[in-house]
Structure formats: C-alpha cells, structure tokens
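Hi everyone, thanks for making time this morning. Please have a look at the structure on the screen, and then I'll walk you through some parts of it.

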Amino acid sequence: MDFAFLTQTMTTLLKAVPMTLALFSLSIVSGGILALLIVWMRVGGNPLLAAIAKGYIFIFRGSPLLIQMFLVFYGLGQFGFIRYSFLWTFLREPFVCAVLSLALCTAGYSAEIFRGGIRAVSPREIEAARSIGMSGALLVRRILAPIAFRHALPAYSTEIVLMMKSTALASLVTVWEVTGVAQRLISQTYRTMEIFLCAAIIYLVLNFIILQAMSLLEYSLSRHRRAIPPALKA
Amino acid sequence: MATLELIGFGSTGWGALLLLAALMTLCVTASALAIGAVLGAIISAAKLSGKTSLVALGNVYTTVFRGVPELLIIYLIYFGGSSAVTSIGKALGYEGFLGLPSFLAGALAVGIISGAYQAEVFRGAYLAISKGELEAASAIGMHRGLRFRRIIIPQVLRFAIPGLGNVWQLSLKDSALISVTGLAELMRTSQVAAGSTRQYFLFFIVGGALYLILTSLSDRIFNGAERRANRSMPTAAMGKA
Amino acid sequence: MPGVTRLSVRNIRKSFGTHEVLRGISLDAQDGDVISLLGASGSGKSTFLRCINLLETATDGEIWVDGEQIRMIHKGGTSRPASQKQVDHIRSELGMVFQSFNLWSHMTILQNIIEGPVHVLKRPRAECIAEAEALLEKVGIADKRHAYPAHLSGGQQQRAAIARALAMRPKVMLFDEPTSALDPELVGEVLRVMRALAEEGMTMLVVTHEMSFARNVSNRVVFMKEGLVESSGTPDEMFGGGGASPAFRQFIGHFGSGQ
Amino acid sequence: MPGVTRLSVRNIRKSFGTHEVLRGISLDAQDGDVISLLGASGSGKSTFLRCINLLETATDGEIWVDGEQIRMIHKGGTSRPASQKQVDHIRSELGMVFQSFNLWSHMTILQNIIEGPVHVLKRPRAECIAEAEALLEKVGIADKRHAYPAHLSGGQQQRAAIARALAMRPKVMLFDEPTSALDPELVGEVLRVMRALAEEGMTMLVVTHEMSFARNVSNRVVFMKEGLVESSGTPDEMFGGGGASPAFRQFIGHFGSGQ
Amino acid sequence: APVAAKDWKTATITLEGAYAPWNMTNADGTLGGFEPELAKVLCERAKIECKLVASDWDGMIPALNAGKFDVIMDALSITEDRKKVIGFTIPYAATPAAFATAKDSPLANAAGTGATIKMTPGQTGVKEVDALKEAFKGKTIGIQAATVYAKFVYDNFGDIAEIREYKTGADRDLDLQNGRIDLGFDDAVYFANAFQSANDSLAFTGPEIVGPIWGEGEGLGVRQADTDLRDKFNEAIKSALADGTVKNLSMKWFKVDVSPQN
Ligand SMILES: Nc1ncnc2c1ncn2[C@@H]1O[C@H](COP(=O)(O)OP(=O)(O)OP(=O)(O)O)[C@@H](O)[C@H]1O
Ligand SMILES: Nc1ncnc2c1ncn2[C@@H]1O[C@H](COP(=O)(O)OP(=O)(O)OP(=O)(O)O)[C@@H](O)[C@H]1O
Ligand SMILES: [Mg+2]
Ligand SMILES: [Mg+2]
C-alpha cells in the first residue's frame, strides 16, 4: 500500500467535497419543492394536471439521468430562442444546469414517494378531521402532511442517498465534484482502484451520516408508534 | 431524410444495433435482478434472524452497497473479479488470462447492488405479514419449514411486488454504467453511435426513448403481477360480500 | 333553553350507485334530546349519521342544524354542498364520535383534543388546554394526556374520542356504535360518560346495540330497517308491551335471549 | 367415550418480565365438556389459552393433552418445549379460533380450510376438499368457498375460522372471544354453530363475554381474576342465587343492568 | 514472466469505436476508421492474428493490465505518466494541435492563423503564443480533461483565461457551438473532422503547434511485461512508415499526413 499516494489522493478528493455537497443540498431542496407541486397536481383531482404530472413522472423516472443531464446542458443551448433569452444567463452556468437536471430527476421520484405516503394515511383520520370542520389547507397542514411525511420517510431517505451518488454525473457538464476529480486523477495516474477506493470511502461516510440522520428523524417522528414508555404505563 | 435513415434499419441505419442493445440491457437487468433476489433473500434473512452478528453483517452489506457509488462496485467486480479468476486459474496450472465475461461481471455487479435494495424490500414485506396469520399457522401445528413455504413466501412475494418494481427501475439504470466493461448495452451503443456519427442529440434522445419503452413495458408487467397478487385483497369493485 | 330544535332532517335519501341505502328519513332533535338509533347491520345507520355531517352527501333531502339549512346543489343526479365554508362551520357545530375512534395517531391525547379548538375555532391555546384537561378529568383519563393513541386501551381511546368531540362545544353529538368492541367493564364506563352528558342536556344521536342504553338513557328510540324508519317512540312505548312493531320485537329478540 | 380427560392443566404460571399474568391455574376438561372462561379485561384469559397451545410458553406448570404430557425444559428462569415435533403434533390436536380470525389472506376460504389437513396431517387432497365443503355447509358459508377472507363480513370470517379449526379434527377446541366485534345478528349465528358443536360432544374451552352462551351452552363456568381462578362451577351454581362469589356477582352486574 | 512463454500467434486489440475518424463503429456494428485499417496491416506484418474489440475509454488501461486485452490502439498519446503503468510501441502517428473557435467569433483569425510553430516541452517565451495570450485575455477555453493539451493550456493560459475541463472533446465542441466557451484547444486532426459535423460553424484560429511538446506521438499500448509483443509491433510500424502505408491511410482518413516526422 502506497500511503503517501493515498493521503495525497484523499486530500485532493476532499477538496471537491464542498462542490458535491452544494450540488446535493441544492438539488434536494429544489427537487423536493418541485415534487410537492407535482404531487399536488397528481392527486389534486384535476384530470389535465394529473395527466401532466403522470407524464412528467414517467419521463424523469424512466430515463437515465445521464441522458437527461446531457440534453439539459448541451441540448437546450441548441435552441436559439433559449440561447438569446434571459434564461441563458442562468443556463449558461454549468453548476445551474447540473442542479437543474438533478432536481428535475429527483422531483419525479420524490413525487411518487410522497404520493405513496399520502395513500398510506388512514382515511378515517382524515374523516375525523373533516368532522370537526377542517378542510383544504388546514387539513393538509395539520393532519395529512405530517402523517404522510412520516410514512414516506424510509423511502425518501433511500432517494436522498441515491441523489448523493447521482451528483457524480455532474462532471459530464464540467462541474468537478468528487467522482469527476477522481476520474481526472485516474486519467493522470491510471491507479484506478486506489483512487476509486478513496472516493468510495468519502461517499460511504457521507451516506452513512445521511442515513443516521434520517433514522434519527424517523425515530423522533415515530414516538406514537413506539412501545409504551414506562412512565405512562398504568 | 438523413436522420430517419440513421436510426432506421437500412445498411447505414443504427436501428438494428440499438434494438439489440436494448435487448442486451433487458437481459443484463433481468439477470441482475435474479442474482439480487438470491442475495437479497439471504441478507434479509440475516437481518431478520435476530442474531447480533448476522444482523450486523446484513447491515454492513446494505449500508456499503447502497452507500458506495455503483460505478466503483462495477469496477471492483470487473477488474478485481478478473484478477481473482486469473490467479485461481494460475494456481490450477492454467496459463494466461481468464476474464469474467463482461456480461457476467456486469450482471454480477448490478446484482450485488440490487441485492442490497431487495434485502430491504423483502424485510419490509416480511414485517408486513400479519402476526396473527403466523400464529394461526403455528396453532394448527405447522412446523417452521412448512410455515415458511406455505404462508411466509407467498405473502412476502405479494407485499414485495411494488418494491421490486422500484428496484427493477434502479437496476435498469445502473445497467447503463456497465458500459465501462465494454458490454454493448443500450447506453454504450447510444454513445458509440453518437461518437461515430457525431449526431449526439439524435442518439441520446433515441436512447432515452428506448429506456422509456423498457420502463413502460416493465411497469406493465409489475402492475399486472400486483393486480394478480392482490386479487385476495379488498377492492372497491367487489365491496362487501 | 329546552324546546329549541337543534337538528332537523327532512326526507334524506342516499344511493351508492344503484343501491338506495337511505330511502327518505326524517328526524328532529330538540335541545336535550337523546335519540337511540337501532337497526340491523346494513340498515343504513352509519350512512345516516355520515350524511348529517356531510361525510357523505345525501342524494336528496334537507338538513338544518341549529336553525341553519345546509345549502346543497343538486345537478344531474349528483349533489354537493354549495359552500365548503358553510360545511366546515356546520361540522364544527356537530360532534362526531366514530366507532373506530379515529384519533390522530401522530398527536398525543391532549394534542388531539385541542387541535380543533385551536386551529378550527381559533381560540387561545392556553384556554383550550385548560378546558381539555377538565374534559379529560371528566371522562377519567387525565393521566393519559401525554400518551399517544396507540398506547391506550380501546375504552380509553373511546373516551378520548368523546373528549375530542366535546372540546369543540358542539350543539349536537353524533355517536356511531360507541361501545361495540369494548369489554363489558369498559362499556359500563363509556355509558356512564354518555349518561352524564345526557343529564347535562346535550343533544345526542346515538347508533347503538346496547339495549340498556336505549332503554334507560335515551328519551326516544328510532328503529331503522332497510333505509327507512320502521318505527319509533319513547323507550317505554318501544320496549314495553304492545306498542312496538313486530319487526322491532323480532330484532330485539336476538338480545337477552338467555338472560 | 365420555369421561376421558381430553385436556388437563396443572398449576400454570406465566410472567411477562416482572408482571405475573397467570399465577397458578389448573383446569380439567373431559370429553364433551364445554367450559366458559369469564373475567375482566387483563385478567389473563387470552394468555391462558395461548399457553395451552404453546403460542406462549408457560413459566411453570404441566399441560396434558389427550393423556400426553407436553415435555418442557425449565432452565435459568426461562422455559421452552423439549421437542418442537411434539409441540407441532399437540397443536394439530388442539383447534384454536382467534378473536381476530387470522385467516390467511392469500388463500381462498376453501384453501384456508384444507391447508392444515393436506399439509400438516398429509391426508388426501380430494378427501379434505369434500370434508371442507361439508364443514362450510354446516357453518352456513358454502357459497363463499372461493372468496378471499378480505371479501367476507366479520361474521362470515369468524365462521370460516371455526371451520378451519374443525377441519383438523381436533380433540379440543379453544375459542378466544368468538363473538366480540360482531353485530347481534351475527353473534346469534356464531353461537348457533357453537351450540351445535357442543351437542355433538366436542370438548371446548371458550373465552367469552356472552353471558347467554355461558349460561345456556356451557356445562362449566370458570371466572378468572388477576391470573387466578376466582370461582368456578356449573352455570346454575354460578348464575343462580347463592353459589357465586361476590366478585363474580359484581362482574356480571355490568350485564343486563337495564334489562 | 510466465506470459513470455506465449509466442503471440494471436492478440486482442481494443479501441473505443467512437472516436471518428481514428476509429469508429459502422451502423452494421463493424469497426472502421484509420486505426482499424492500420491494425490490419500491422498484424499481417507482425504475423499475428488480431481480434479487434471495442471497449469504453474509461476502463481501457486498467483492463489492459488486468489482461482483458493485449493491445490498446486508441489515439493513445505516449506520455511519461502513462509509461509508468503501461508500455508503448514507437509512434505510428503524431498530430499538431490548435485552437478552434466559432467562425463568427471576434477571436477568429487570431494572429498566426495558418502558420505552424514547433515547440518543445516546457518551452516558454514563444512570441506567437504570447501574442495569443494578449488576444485571449479573459476568455473561456475548453479542453478535454487530463490530456497533454490540457497541460499546455494550463501552463500558458492558466493565468489570463478561464479554463473549463470536459470529459470528452465532443462535449466541448457542443459547448463551443452553444457559446458557453469561446475557444477550444485540441488535436488539429480531430478538430478538422469535428468541424465538418458542426456544419463548418467552427474554424481554427492561431497557429498550429507541432513538435516534441506533444510527446512522441500516438503509439500502441501494451503491458510492460510484453516486451516481445511490443518489439514485433515496433518492426511492423517501422516498415509501414517506411513504405508509405501509414501516409496513404492517413491521407484517406484525415486528408493530411499524420506520420511522425521525427
Ligand atoms: N361507500 C359505500 N359504497 C357502497 N356501498 C356502501 C358504502 N357505504 C355503505 N354502503 C352500503 O350501505 C349499506 C348501509 O351501510 P351502513 O354502514 O350505513 O350500515 P349500518 O346500519 O351502519 O350497519 P352496521 O351496523 O353493520 O354498522 C350497506 O349495505 C353497505 O354495504
Ligand atoms: N406479550 C406481552 N407482553 C407483556 N405483557 C403482556 C403480553 N401479553 C399480555 N400481556 C399482559 O398480560 C395481561 C393479561 O392479558 P390477556 O390478553 O391475557 O388478558 P385478557 O384476559 O385476554 O383480556 P381481554 O378480555 O382484554 O382480552 C394484561 O395485563 C396484558 O397487558
Ligand atoms: Mg355502522
Ligand atoms: Mg383477550
């Protein structure tokens, strides 16, 4: 084992971690918001909006992110009306494009996950809320969303981990995050295994932290399902 | 039109190669799912066993293979696996290179990853089985093996179908990464066609469309399976008997 | 103010597809009335309660709560309330206690109870908590205020559900089989709470299989059969000799057969 | 062959952690005995039944089924059966009908019923089917043979569960609250089936809240309180004047209070 | 090494099959281009039966060392870094490098366009390059990551221009057309071909740069232990260069001669 090389590789890769984290957090947040919009369209009852949402989910879940990202980054610029519009100021930036395509993709997945959470809410608890005069936004905010989120959490943490790994594709559009930097190092030194192992450790640590945080959140949100705390026992 | 010719089935058209590649993607993914099913069953059994060491082992497996980028695992299996096979060959007196074929290496790598996801799916499905139904099986004197075969397996399969549909979707896209092994699956063939003709958008869009077709086909299969499995569940149409 | 009509239902009909479950039911409840609704399984009792607070929309008929008519739009065979705002308002005046309790699983008992007063009625939180604790005391589960529904026994959940409905200070309470699935001891407890409410003059409509409640607590018994009121009257008329219809006599024949 | 002891339980104890739920219960059932087990919620009735067919392992005590003792290993405060094979065999001789039915949701009613005979007793399939159909006829749900449990009403599921237990031709049947959560009409149906079984001489142990069943069908009533048999006797002794203990009288006081 | 026992009757050659016109895949799945045709000639002369296999660029060098193939023939520049992990034959091609930009860009026809300059590794103070530095100040230059060209651009323009690294040259060309970057720098032969497929919207700007700065040129990659295989191919290459075969193929595919001029 060439420890000097490994430390040097690790140092180089660690410098790219902030970029990976930036891609990750921005795309999770914006993708999450977009997913809420799509899920609202999907279950809101308007057949036209539901069809649009279905189509969106089908396309973004059904095709590889690599192709989506390629088309967003290299493809959009092929259209004059985009290139000469104000949008180009943003789309010109590789980072914006990378976040955009990651967010578009995760929104499709998250929307399906959130929908699953909503379907798992007991209709009886909804009825109980209606029977005291709750409806619309109040019902969603106080009853539907908290319960649905709790149900969706395990699947959503998987999606978040997948997103962390998906940021690796951003080097396709010249955003040099951890995997991209690793690949560049490889084409300079050809020591594939050592470099990829260093990268793997970084992702493993990041994902481990995420999974721990999510299960902590899950634990704190499921007080109502845990065994009876001793203090409350009759 | 020149574009149509390029993706058509004529002598200058890439249609045949792309379709063949789509078929290859389908085969790799299906093999990976099968490998993953076996691994997933073993890992979920370990995680459910309640034995501290087995549970820890299961947790390490699912954490590592879900947490590490897929590409690395494919590299490890493809190159690491080949070296291992070669050195075993050497030990047995065989000179020269004994590689894992790309197909096998790819299917194995994606299968190992898919096994981590399937383990979680199976575990969830097992936990969804009504405890009462298991007790009812014990109460008529079913022994462990019989209970497993007659009650647990059929119900785990039923509850696991939607989750397996998701895993299939994931594996389908992981299979796109096998292109580093040179296997002519859909992603690599789209890239090769794009690079050889320099028609990048055309072939990426066509490749994407083929993935969508694969997705909708598999969606149909999984939905059908789900309907079949759920025929014992209450439906709005049947109502109360 | 006895004599005020709290709830008035006129000629309610309800179909599911081609199956007409309610075929024209009318009923009036004055202030302080306690009405028992009896009937075989499938006779439409639950559906009737659900139509009153619009969890189902009646196909036809009129509903008046505390003198206010619920405005409906009937169009092309389907009906819907004209104003969601009115529906929310009416519902907040009708307390409903479900057979299966339907407590919100992600909230403690106390949170369940103050949810409506705080967020629907927009009353001050501190005041709501004080009142909720008094209610919990009244139904006898004050010590469970910080427990989650899943940690309570059936009888305790049932009483929490009653407290939740009462916290809205409803004009009328609707109970759907409040004691089925409880063991006899718990049945006794819940009936005690309801009897106390009756004595305080709460207007109540109670779907029940407890003949003892129908006989001893309610002041009117309504027997439903196949979506219609088959017979009704005071408990004495219904259970005493003579007055009751043959169908009702056959129905109560199932009870007390061995006692 | 009346007089044969089908089930004999000697001094059973069961603790969950530090909480001793059963504190030494003994009971004998002869061929044709129908024993009602009464008691308040939490008195340990379900736990007792579950100990008999080893869904829980008793901490101490002896169980004999049809003259065969279940061999147990007591070691370091915990107990376990000595032979899983014997347990499986004993269980196949004890029929259990759960309060929550626990029909296998992935099988039709007919499949549920023949599952045990075909796979546990290894009897010929055709014969099992014929017998299952006869049983379904007997409990009155022959038309539902190809339906799945989720498509049946509660009462129908309950009867299917009884048929499933009977198909094993058990020596003794254990019923855990077979009629709670059923509406009065369905209670009647299920009790009718059980009465028929009693008349055919089946040995039965029934946890129930139905006093009419305890009174009219069973030939012995056992009243449990806090993990002990508080009193027991024939129905006449227990329900008639004089004989019963004050605790039991208080317990049944909850019933029929208004009738 | 035990491999030495092999007498190299057969060998497997890998190439990407997607790097036109060096090598590419035809619609019928066969491989074509400069390198496949040259490989045929070289194998005949080395008396080796060759099998051509397409594989992905990313895995190529590790796969060679893992033993999956025996030879890499994929426009592989001979560099010091690569020599540390694999062995090379003598070069069969050496190509000039140049800047490209959009035809209608203000940077088109920069000083020295059409001229050729020769450079050696590490050379500085070349006046043509300094002239370009003036012209390219503040612009964005796209390069393919981890190439000899990337190093040149960083060394000479890193302080005055923004440099953006792409995984493939093709991606960079698309962005050049999209206008996200102002300039690209790469192998001139590659560029000449790329311009055609970009409908000639791109053009060279500034001088062509040739010479040892790009290393020795493009050679075949082999495992370091396989010296005998390397020697056989060295002989074959020498003879193909000597009798003009390389030049002929080069003219056919590139329209220019890429045979190394030493
Ligand atoms: N959402 C629905 N769709 C179709 N039919 C329904 C629906 N809800 C109820 N029904 C039917 O309406 C009839 C009356 O049901 P309802 O629940 O009101 O009966 P019930 O008198 O409350 O009976 P129980 O005592 O069993 O609760 C039944 O035949 C039932 O099958
Ligand atoms: N698995 C368990 N772990 C801990 N305590 C238990 C467990 N099962 C039952 N108990 C406790 O044992 C006691 C007796 O329970 P059991 O279910 O036998 O009562 P029961 O007489 O059947 O009551 P019910 O009429 O409500 O069914 C209760 O206090 C219960 O909380
Ligand atoms: Mg009802
Ligand atoms: Mg019990």
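Let's start in chain E, where T14(E) has I72(E) in β6(E) as its bridge partner. Before I go on, some housekeeping: this is a predicted model, in which local features need pLDDT of at least 70 and side-chain atom pairs count only at pLDDT 80 or more, while totals for chains, interfaces and linings use all residues. Residues are numbered from 1 along each chain as its sequence is written, chains are lettered from A and ligands numbered from 1 in the order in which they are written, and side-chain values use heavy atoms, with hydrogens and water left out.

Back to that bridge. Strand β1 (residues 10-15) of chain E and strand β6 (residues 71-72) of chain E run parallel and are joined by two bridges. Two strands pair if DSSP finds at least two bridges between them. In general, strands of a sheet pair through backbone hydrogen bonds, either parallel or antiparallel.

What is the order of the five strands in the open sheet of chain E? The order is β5-β1-β6-β14-β7, and the pairing is mixed. At the edges sit β5 (49-54) and β7 (87-93) of chain E, each of which pairs on one side only. Helix α1 (residues 34-46) of chain E lies across β1, β5, β7 and β14 (218-222) of chain E, and runs at about 165° to β1(E). For angles like this one, axes are lines fitted to C-alpha atoms, for helices over the stretch in contact, and the angle runs from 0 to 180 degrees between N-to-C directions. Contact means heavy atoms within 4.5 Å.

Now, which two residues does the disulfide join? They are C43(E) and C50(E), with an S to S distance of 2.0 Å; a disulfide here is a pair of cysteine sulfur atoms within 2.5 Å. The structure holds one disulfide over all chains. The torsion about the S-S bond of C43(E) and C50(E) is about -95°, so this disulfide is left-handed.

Next, two backbone details. Most residues other than glycine have a negative phi, and most peptide bonds are trans. In chain E, however, the peptide bond from A20(E) to P21(E) is cis, with omega near 0°. P21(E) is in the loop between β2 (18-19) and β3 (23-25) of chain E. Over in chain C, N11(C) has a phi near 55°, a positive value in a residue other than glycine. N11(C) is part of strand β1 (residues 5-16) of chain C.

On to chain B, which has nine helices and zero strands. The C-alpha atoms of chain B fill a box of roughly 70 × 60 × 30 Å along the principal axes. Two packed helices are described by the angle between their axes and the distance between the axes. Helix α4 (residues 70-91) of chain B packs against helix α5 (residues 102-128) of chain B at an angle of about 135°, with the axes 9 Å apart. That makes α4(B) oblique to α5(B); angles under 35 degrees count as roughly parallel, over 145 as roughly antiparallel, 65 to 115 as roughly perpendicular and the rest as oblique.

Helix α8 (residues 123-131) of chain A and helix α9 (residues 136-166) of chain A pack at about 165°, with their axes 11 Å apart. They are therefore roughly antiparallel to each other. E125(A), I126(A), A129(A) and R130(A) in α8(A) meet L139(A), I143(A), L144(A) and I147(A) in α9(A). These contact residues divide into six nonpolar, no polar and two charged, where Ala, Val, Leu, Ile, Met, Phe, Trp, Tyr, Cys and Pro count as nonpolar, Asp, Glu, Lys and Arg as charged, and the others, Gly among them, as polar.

Finally, how do the chains meet? Among the six pairs of chains that touch, chains A and B have the most contacts. Chain B and chain C do not touch, and their nearest C-alpha atoms are 11 Å apart. Chain D and chain E do not touch either, with their nearest C-alpha atoms 48 Å apart.

How values were computed: Helix = DSSP H or I, 4+ residues; strand = E, 2+ residues; numbered from the N terminus.
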